[in-house]
Amino acid sequence: MASQNLKKTLLSIFKWISICVLIGIFSGSASAFFLVSLEFVTQFRIQHDWIIWLLPFGGLLVGFSYYYWGESVVKGNNLLLEEYENPKKVIPFKMAPLVLLGTLITHLFGGSAGREGTAVQMGGSIADQFTTFFNLDNSERKILIILGISAGFASVFGTPFAGAIFALEVLYFSKINFKSIVLSFLVAYTAYFTVEFWQVKHTHYNIPNIPEINFATLFYTIILGILSGFAALLFSRSTHFWGSLFSKNIKYPPLRPFIGGILLAIAFAGFGFTKFSGLGVPVIVDSFSNANPWYDFLLKILFTGFTLGAGFKGGEVTPLFFVGATLGSALSVIIPMPIALLAGLGFVAVFSGATHTPIACTVMGLELFGIQPGIFIAIACTIAYFSSGSVGIYKSQIVKGAKYKLYQKLNSNF
């Protein structure tokens with residue numbers, strides 16, 4: 001009996017290690033291809049800026065593709081969260097090519113969107129295909145979804161530790177077992193090293209000067225955290241508002257990104273707001289050394305919410321980085337702390353507030369900026385988490401823990 005149990009345990013360990021390695025390789029390779037393709041279409045748009053005027057037709061193409069072939073996967077990241085909370089059926093593999101194509105079209109023509117949603121959806125759809133192959137039950141399917149999110153996030157940002165924790169935290173920690181934790185880290189690092197194998201580079205950021213920890217610097221960090229939480233709240237509400245507005249007033253889905261694309265093209269090409277198109281990585285990098293105008297973060301919120309609400313594809317996280325970094329950079333005019341530190345704190349704090357993942361965002365800050373600003377990062381991410389409201393960028397996310405209890409208590413008092 002003991003030998004049979006040992007054999008069964010060893011086979012289970014081998015099975016899950018194999019699954020993690022395969023998901024990591026496939027998802028990492030998909031992310032590597034996506035990152036290279038994204039860089040290509042971005043550079044093409046920059047060199048041929050007239051192409052922004054074709055954004056409406058790009059939107060029409062995205063709209064048609066999801067309306068006729070992608071109705072079952074149009075929910076994107078929210079579908080992953082729903083299938084984790086209430087497993088029903090395997091996520092169709094077509095989610096991966098559809099979101100890849102939709103995101104590349106969005107960025108080719110200048111839509112304001114991110115990339116994490118694409119990588120996470122590709123990872124999630126790839127991972128869930130192993131349900132049928134290994135004949136897994138619903139509890140094991142939940143592990144697959146965690147692995148897909150972890151692999152996608154870790155590979156697209158080059159932050160494996162944060163990616164592993166993000167997948168666990170965004171799905172609510174208390175329902176996660178030790179097995180899921182170990183496997184999440186294994187798949188995250190496999191996906192990360194797969195991207196490294198393909199020699200695809202990630203953007204690097206630097207915070208050269210870290211002030212001493214005292215009452216003043218901690219106070220300013222708390223203020224930044226609160227403002228970052230408010231920015232995250234505004235971002236989430238904006239995206240949901242525009243999505244609701246388009247769906248209520250334009251009944252034929254393919255027309256939503258077409259009409260939205262017309263307005264965005266006029267704003268970007270006609271009125272000179274091209275700095276807010278695409279990912280905006282150059283603006284993010286510049287914000288670490290030069291103060292941004294106070295309104296930059298607000299305009300990025302507006303254009304990204306409008307782009308995604310209209311039905312274009314992509315993610316929210318890089319635009320959240322843009323919002324946070326430019327907010328922190330702008331605050332350097334009135335807050336006597338190094339501009340790079342303020343930009344870096346805003347970078348991860350707004351993300352924390354919008355996704356309800358302060359632990360993952362703190363770890364991401366450490367991976368991106370080093371351990372020296374760790375105390376400031378942890379404080380900013382935690383404060384932003386509590387001050388960003390109960391609704392994040394993912395409608396289907398279940399918000400629990402300390403924040404959930406706090407808002408329950410506040411609601412009962414009022």
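## Aromatic pairs

There are 37 aromatic pairs by this count. Take Phe130 and Phe134 to start with: their ring centres lie 6.1 Å apart and their planes meet at 25 degrees, so the two are stacked. Phe130 is buried, at 9% relative accessible area, whereas Phe134 comes out as partly exposed at 25%. Keep in mind throughout that this is a predicted model.

Phe215 and Phe219 make another stacked pair, because their planes are at 15 degrees, with the ring centres 6.4 Å apart. Both sit in helix α10, 4 residues apart, or about one turn of the helix. How exposed is Phe215? Its relative accessible area is 72%, so Phe215 counts as exposed. Phe219 is partly exposed, with 42% relative accessibility.

Then there's a whole cluster held together by ring pairs: Phe153, Phe157, Phe166, Tyr205, Phe288, Phe321, Phe347, Phe351 and Phe369.

## Charges over rings

Two lysines are worth a look here. Lys142 puts its charged end over the ring of Tyr84, 5.2 Å from the ring centre. Lys300 does its version over the face of Phe322, at 4.9 Å from the centre of the ring.

## Salt bridges

The structure has 5 salt bridges. One of them joins the side chains of Glu140 and Lys15, with an N to O distance of 3.4 Å. It links distant parts of the chain, with Glu140 in helix α7 and Lys15 in helix α1, 125 residues apart. Glu140 has 18% relative accessibility, and the cut-off for buried is under 20%, so Glu140 counts as buried.

Arg141 has its own partners. Its side chain meets that of Glu83 in a salt bridge at 3.0 Å, N to O. Arg141 belongs to helix α7 and Glu83 to helix α3, so this bridge ties together parts 58 residues apart in sequence. Arg141 is buried at 3% relative accessible area, and Glu83 is buried at 8%. Arg141 also meets Asp128 in a salt bridge, at 2.6 Å from N to O. That pair links helix α5, which holds Asp128, with helix α7, which holds Arg141, and the two residues are 13 apart. Asp128 is buried too, as is Arg141.

## The largest pocket

The largest pocket holds about 980 Å³. Its lining runs to 36 residues, and Val74, Lys75, Leu308, Gly311 and Lys313 are the closest to its centre. Several helices each supply at least two lining residues: α2 (55–69), α3 (77–85), α5 (116–128), α10 (215–249), α11 (255–270) and α13 (296–310). Helix α10 gives the largest share, 5 residues. Sorted by class, the lining has 14 nonpolar, 15 polar and 7 charged residues.

## The second largest pocket

This one has a volume of about 530 Å³. Of its 25 lining residues, those closest to the centre are Glu39, Thr42, Gln43, Val281 and Pro282. Helices α1 (2–47) and α12 (281–287) each bring at least two residues to the lining, and α1 has the largest share, with 8. The class count here is 11 nonpolar, 8 polar and 6 charged.

## Cavities

How many cavities of 30 Å³ or more turn up in the whole structure? The search finds 3.

Asn77, Leu80, Leu81, Val120, Ile149, Phe166, Val170 and Tyr394 line it. Helix α3 gives the most, with 3 residues. The lining has 7 nonpolar residues, 1 polar and no charged ones.

Notes. Residues numbered from 1 in each chain as written. Predicted model: local features only at pLDDT ≥ 70, side-chain atom pairs only at ≥ 80, totals over all residues. Heavy atoms only, no water. 1 Å grid on protein atoms, 1.4 Å probe; cavity = no way out; pocket = protein on both sides within 12 Å on 5 of 7 lines; lining within 4 Å. Points joined across faces, edges and corners; volume = space filled by probe spheres on them. Nonpolar A, V, L, I, M, F, W, Y, C, P; charged D, E, K, R; others polar. Salt bridge = Lys/Arg side-chain N within 4 Å of Asp/Glu carboxyl O. Buried < 20%, exposed > 50% of the residue type's maximum accessible area, 1.4 Å probe, protein only. Phe/Tyr/Trp six-rings, centres within 6.5 Å; stacked < 30°, edge-to-face > 60°. Lys NZ or Arg CZ within 6 Å of the ring centre and 35° of its normal.
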